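Open the model in your viewer and keep the selection tool ready. We will go from one residue out to a whole interface.

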Amino acid sequence: MGKATRLTVEQRANLVAYLDGELDEAETRSIEETLAGSPAARRDVEMLSRAWDMLDHLPRVDPGEDFTHRTISRLRAVEVNKAQSSARWQVWARRTLFAALWLGGLSAAVVGGVYAAVWTIPSEGRNMIRDYPVVEKLHEYEAAGSLEFLQELERHHKFEDSSLTDTPEVELPEGPSQ
Amino acid sequence: MLRVKEGDEDAFSELVANYQSRLVSIFYNMLGNRETAEDLAQECFLRIYQARNGYEPTAKFATWLYRIANNLASNTRRSFGRRKEVSLNARDSGMMESTPREQTVPDKSALMPTRLADSRETCDVVRDALTTLSERQRMAVLLHKFEEMSYADIGEAMDLSPAAVKSLLSRARDNLRESLVAYVRPTG
């Protein structure tokens, strides 16, 4: 490979991976062949290596032993805070549950009371509904006059006589006096 | 972590002590502010403690830790972006003593590696180069450089496939090389 040969994007990526020891055997051999035949590639690798080595100058920060103590103290503070917050939540939950039960019981009592009142205290409307079948035929009952008169009609099989209304001359027992 | 899961607070202290420097360093180089970095590291440890009961040793602990760290850093950067109060450049935030940017970004035609004898200046130059990377590139670079994590582990921590990490790191290292070209150009 001549000096002017340009590396592909993949070859350039492989150059870095080669430096990092991340290539498999075949890829490593391929890169080494490329490097052997390309002074430009060798120069690239050298510059990449030098730039990487310069990162050794980056600061390493030692926060000191105090950092461990501060971290543990902060951790304890957070845990205590969490425990307190959890305890507060539990108290709040207990109170809410108690209030909910109390309200539920109260509501049940109110509903039960209303229900009992509706079904035990007589009401004019409910009586009218109950008596409606009688009220509906009140005129007929009034015309009949009395239960004894109706029983007399039945004894004479007059309810079975379909021509009753068409033959008014049929002799009927004497009705009750009004 | 399994001891922490069983409620061993001493084990948690050990865990914090073991990872605090690494975690604060990652956050510091991500966000450029030491106070914020320490706050986030603490927050990260708190989340780990609170999630201890759900921990299953199916993945490496470090991968789990940096997954949480990555989410925290992303949220914080978004928050910074909304408030526009904190510069991502550490020196702009006033937390690092340093020379102004125009003095640290090299004139590519003039600066030579020998000029970088002062380690603080070198540090500033590298930090400037790091700020040219996207958030994800920066996190991937830091996890790879500081934690020596594999592409697969970085992918797990950042919710990316190993192929995506490979591409991300390739672009990141190309960007770094371009930013640092004056210092990495072969002398021969």
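**Stop one: a tyrosine**

Select B:Tyr49, which lies in helix 3 of chain B. Keep in mind that this is a predicted model. Is B:Tyr49 buried or exposed? B:Tyr49 has a relative accessible area of 9%, under the 20% cut-off, so this residue counts as buried.

Now show what surrounds this residue. Leaving aside neighbours within four places in sequence, B:Tyr49 is in contact with A:Leu75, A:Glu79, B:Val4 and B:Phe12.

**Stop two: a salt bridge**

Select B:Glu43 and A:Arg74. They form a salt bridge, and their closest N and O atoms are 3.0 Å apart. Six salt bridges are counted between chain B and chain A.

**Stop three: the whole interface**

Colour the contact residues on both sides. Chain B gives 48 residues and chain A gives 42. The area buried between the two chains is about 4,400 Å². Carbon and sulfur atoms give 63% of that area.

Now highlight helices of chain B. Helix 2 of chain B gives the most, with eleven residues. Finally, colour this side of chain B by class: 24 residues are nonpolar, twelve polar and twelve charged.

Notes:
Residues numbered from 1 in each chain as written. Chains lettered and ligands numbered in written order. Predicted model: local features only at pLDDT ≥ 70, side-chain atom pairs only at ≥ 80, totals over all residues. Heavy atoms only, no water. Contact = heavy atoms within 4.5 Å. Buried area = accessible area lost by both parts, 1.4 Å probe. Salt bridge = Lys/Arg side-chain N within 4 Å of Asp/Glu carboxyl O. Helix = DSSP H or I, 4+ residues; strand = E, 2+ residues; numbered from the N terminus. Nonpolar A, V, L, I, M, F, W, Y, C, P; charged D, E, K, R; others polar. Buried < 20%, exposed > 50% of the residue type's maximum accessible area, 1.4 Å probe, protein only.
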